[in-house]
Structures are given as structure tokens and as C-alpha cells.
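Please look over the model below.

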Amino acid sequence: MQRLLYILLYPILWLTSLLPMSLLYIKSSVLYLFAYYVIGYRRKVVKSNLQLVFPHKTVAERKFIERQFYKHLCDLIFETIKSMSISEKELRKRFEIENMDLLNDYFSKGRSTLVLCGHYANWEWSNIVPVHTEAKGFGVYKPLRNKYFDALIKKIRGRFGATIVTNKKIVASLFRSAKNGEHSITLMVADQTPKKDAFKQRDTFMGIDVP
């Protein structure tokens with residue numbers, strides 16, 4: 001069943017990725033109208049979260065943020081699909097990296113870096129980072145249940161030279177890299193909540209007590 005689903009969806013995704021971004025953003029707008037106004041995808045959750053973290057804002061202000069969130073979400077979906085075929089030149093233009101000299105200074109001294117990222121903007125496009133440095137690039141991810149789509153995600157995220165490693169194997173991979181005399185840059189999108197009873201510390205984020 002997993003293989004059948006992959007066989008059915010992969011050609012659609014690939015052909016969609018070949019479309020120019022201008023057309024994909026039009027498709028994104030259509031998806032936004034459908035997701036927000038027709039099916040109301042998780043609107044209660046989004047509304048509740050915005051009210052939780054922005055209690056000082058008016059209903060109209062939170063409504064505006066809500067709509068902007070859904071527009072961004074739909075853009076992100078099509079931008080991620082575009083990752084299957086986007087060229088390095090186009091991705092460099094759309095994903096700019098500030099202060100890369102800060103990291104390169106560490107690399108010039110033979111040191112490695114761990115970059116903690118968040119689910120902000122388009123984190124999928126951060127796979128362009130390795131082309132900006134001579135350091136070995138690692139990307140940390142959690143495996144998907146569908147092994148065919150899991151392999152596809154690893155292929156997409158590793159298109160520009162990064163080695164994609166699961167969260168359970170990254171420590172061993174980094175030790176091997178260091179043993180081989182390599183200095184590396186490791187990107188980890190690590191802003192999700194820990195498993196219940198597994199966290200070590202609590203703190204306040206946007207006024208909310210979180211693990």
C-alpha cells in the first residue's frame with residue numbers, strides 16, 4: 001500500500017515541481033481559499049493558539065494574523081514541492097543567508113557548529129546551506145512511516161550536498177566525522193515539544209509555560 005501510494009503521487013509531485021514559482025503561488029492562493037474558507041483546516045486550533053499568545057491584540061488583529069498564517073502555510077506546501085527540482089541558482093536567490101561569515105570563522109579554525117533552527121519561513125530550503133561553506137553538512141530529521149516517501153525526503157534535503165541523518169543516529173555520525181578530521185555544520189529544526197515526561201526543563205515562551 002505504501003508503494004502504491006508513492007507510485008500514484010510521485011509523478012504528480014514531480015510534474016508540479018517543474019512549474020514556475022509564479023504559477024505555483026497562484027495555485028497556493030487557490031489552496032488557501034479552499035483550506036481556510038471551505039474546509040476550515042484546523043481553524044479552531046489556530047484561533048485558540050493565537051488567542052493564547054496574543055491576548056492583548058484585538059479580534060481583528062488576530063484574524064489578520066490567522067489569514068496570513070494560512071497563506072504562508074499554502075505557500076510553504078508548494079515551495080516544498082518545488083524543492084524536488086529547483087535549481088541551485090534559483091534557490092540561492094530565494095533563500096538568502098545572513099552572517100555566513102560568522103560560521104565560516106569557526107570553520108577556518110577547524111571547529112564544527114550546531115545550528116538550531118525553527119519551523120519559521122521555509123526551513124526545507126535550508127538544504128542550500130552546505131554550498132556556502134567548505135564544512136561537511138548534516139541535516140537531522142525524524143524518519144517517515146512510509147519508507148518510499150522517507151527516501152524521497154532524504155533525497156530532496158540532500159540535493160545540495162548535505163548528509164541527512166536520523167535523530168537517533170546523528171551523534172554517532174558526528175563522532176565519526178570528527179574522528180575523520182572533518183569540521184561540520186549540523187542543522188536541526190528543534191522547536192517541537194519533547195515527549196511527555198521526557199523533558200528536563202521548563203521555560204516561558206510567548207508568555208506560555210512550556211517544556
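This is a predicted model: local features need pLDDT of at least 70, side-chain atom pairs count only at pLDDT 80 or more; totals for chains, interfaces and linings use all residues.

Residues are numbered from 1 along each chain as its sequence is written, and side-chain values use heavy atoms, with hydrogens and water left out.

Q: What percentage of the protein's residues count as buried?
A: The C-alpha trace spans about 55 × 45 × 40 Å along its principal axes. Buried means under 20% relative accessible area, exposed over 50%, and partly exposed in between (1.4 Å probe, protein chains only). Of the 211 residues, the buried share is 29%.

Q: Among contacts between residues at least 6 apart in sequence, what percentage join residues at least 24 apart?
A: Contact means heavy atoms within 4.5 Å. Among contacts between residues at least 6 apart, the share joining residues at least 24 apart is 79%.

Q: Is α1 parallel, oblique or perpendicular to α7?
A: Helix α1 (residues 2–17) packs on helix α7 (residues 147–157) at about 40 degrees, with the axes 8 Å apart. Axes are lines fitted to C-alpha atoms, for helices over the stretch in contact, and angles run from 0 to 180 degrees between N-to-C directions. Angles under 35 degrees count as roughly parallel, over 145 as roughly antiparallel, 65 to 115 as roughly perpendicular and the rest as oblique. The angle therefore makes α1, relative to α7, oblique.

Q: In the contact of α1 with α7, how many residues are nonpolar?
A: On the α1 side, the contact has Gln2, Arg3, Leu5, Tyr6, Leu9, Tyr10 and Leu13, which meet Lys147, Tyr148, Phe149 and Leu152 in α7. Ala, Val, Leu, Ile, Met, Phe, Trp, Tyr, Cys and Pro count as nonpolar, Asp, Glu, Lys and Arg as charged, and the others, Gly among them, as polar. One residue is polar and two are charged, while the nonpolar count is eight.

Q: How far apart are the end C-alpha atoms of α2?
A: The expected span of a helix is 1.5 Å times one less than its number of residues. Helix α2 (residues 21–38) has 18 residues, so it should span 26 Å. The computed distance agrees, at 25 Å.

Q: Within what arc do the buried residues of α2 fall?
A: Met21, Leu24, Ser28, Tyr32, Ala35 and Tyr36 are buried in α2. The arc is that of the directions from the helix axis to the C-beta atoms. Seen down the axis, these buried residues line one face of the helix, because they fall within an arc of 95 degrees.

Q: Which exposed residues sit on the face of α2 turned away from its buried side?
A: The buried residues of α2 pack against α1, α3 (43–53), α4 (59–82) and α5 (88–94). The face turned away carries the exposed residues Ser22, Ile26, Val30, Tyr37 and Val38.

Q: Is Asn99 buried or exposed?
A: Asn99 lies in the loop between α5 and α6 (100–108). Its phi is positive, about 60 degrees, although it is not a glycine. With a relative accessible area of 62%, Asn99 is exposed.

Q: Which strands are among those covering the buried residues of α8?
A: In helix α8 (residues 170–179), Ile170, Ser173 and Ser177 are buried. They fall within an arc of 60 degrees, so they line one face. The face turned away carries the exposed residues Val171, Phe175, Arg176 and Lys179. The cover of the buried residues includes β2 (136–141), β3 (163–166) and β4.

Q: What is the relative accessible area of Ser184?
A: Ser184 is found in strand β4 (residues 184–189). Not counting residues up to four places away in sequence, Ser184 touches Phe107, Ser112, Thr113, Ala135, Lys136, Phe138, Leu174 and Ser177. Ser184 is buried, with a relative accessible area of 5%.

Conventions:
Helices (H or I, at least four residues) and strands (E, at least two) are DSSP runs, numbered from the N terminus.
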